[in-house]
Amino acid sequence: MYQSLANPSHPAHAAARGKDSIWRGVLRPALTVFVVLSAIVGLLYPLAVTGVARLLFPDQAAGSLIVRDGKVVGSRLIGQSFTGERYFWGRPSATGPQAYNAASSGAANLGPNSPVLAEQVATRVAALRAAHPDQRGPVPADLATSSASGLDPHISPEAALYQAGRIARARQLPESEVRALIVHATEGPQLGLFGESRVNVLALNLALDDLKR
């Protein structure tokens, strides 16, 4: 028997009611939650955190930049490559295509038994010994091995003191003055407990240049 489409019990009406029920009961609430959480987590929260950081820690929030004569010369968080005799050298960097490439942070991923790593370290140690003939002790490990990030801006105080004689000769300074500069630039462990003492290479080299300004 023919059943009119105007009849609420018609299958087409039942299907329409089912779709509307799914939209109202499932899809619309899910979409609403998605939009609201996206706005909170993806927009409001980052803006709030950035605003608080810039208010309470303006230097760190801006990248811990070092400014000299109105010009940004680097960041305290990212190392730079120094190769001249007049400057302290930082840790080797495994990033490519150039050293301390912040867009390609990473380690060499060479294990302690790797012959490639052994060859690299031996080459670095030989170069360091040739550049520091006054040093008879072991070469500090951080001068011969790269860090996990490849961007480490620090070296140990021992690594800085290892280079003091070379820099004193290149700059015609008393070695005691260079050593005093290292001691002054040495940062202690975080909160006096976490990590080890370290020296920021860029800050130390800028302090070196200030001696002649």
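Visitor: What makes Asp209 partly exposed?
Guide: Its relative accessible area is 25%. Buried means under 20%, exposed over 50%, and partly exposed in between (1.4 Å probe, protein chains only). Asp209 falls in between, so it is partly exposed. This is a predicted model, where local features need pLDDT of at least 70 and side-chain atom pairs count only at pLDDT 80 or more, while totals for chains, interfaces and linings use all residues. Residues are numbered from 1 along each chain as its sequence is written, and side-chain values use heavy atoms, with hydrogens and water left out.

Visitor: How do you know whether Arg171 is buried or exposed?
Guide: Its relative accessibility is 3%, so Arg171 counts as buried.

Visitor: Why is the pair Asp209 and Arg171 called a salt bridge?
Guide: The N to O distance is 2.9 Å. The term asks for a side-chain nitrogen of Lys or Arg within 4 Å of a carboxyl oxygen of Asp or Glu. The pair of Arg171 and Asp209 meets that, so the name applies. Asp209 lies in helix H7 (201–210) and Arg171 in helix H5 (164–171), so the bridge ties together parts 38 residues apart in sequence. Helices here are DSSP runs (H or I, at least four residues), as are strands (E, at least two), numbered from the N terminus.

Visitor: What makes Asp152 and Arg91 a salt bridge too?
Guide: Their side chains meet at 3.8 Å, N to O. Asp152 sits in the loop between helix H3 (115–131) and strand E3 (154–155), and Arg91 in the loop between strand E2 (71–75) and H3, so this pair links parts 61 residues apart in sequence. Arg91 is buried at 17% relative accessible area. Asp152 is partly exposed at 24%.

Visitor: Which helix holds both Arg179 and Glu175?
Guide: Both lie in helix H6 (175–185). They are 4 residues apart, about one turn of the helix. Arg179 is partly exposed at 33%, and Glu175 is partly exposed at 32%. The whole structure has 6 salt bridges.

Visitor: What makes H5 oblique to H6?
Guide: The angle is about 125 degrees, with axes 8 Å apart. That makes H5 oblique to H6. H5 contributes Ala164, Gly165, Ile167 and Ala168, and H6 contributes Glu175, Val178, Arg179 and Ile182. This contact has 5 nonpolar, 1 polar and 2 charged residues.

Visitor: How many helices and strands does the protein have?
Guide: It has 7 helices and 5 strands. Of its 213 residues, 27% count as buried.

Technical notes: Axes fitted to C-alpha atoms, helices over the stretch in contact; angles between N-to-C directions. Parallel < 35°, antiparallel > 145°, perpendicular 65-115°, else oblique. Contact = heavy atoms within 4.5 Å. Nonpolar A, V, L, I, M, F, W, Y, C, P; charged D, E, K, R; others polar.
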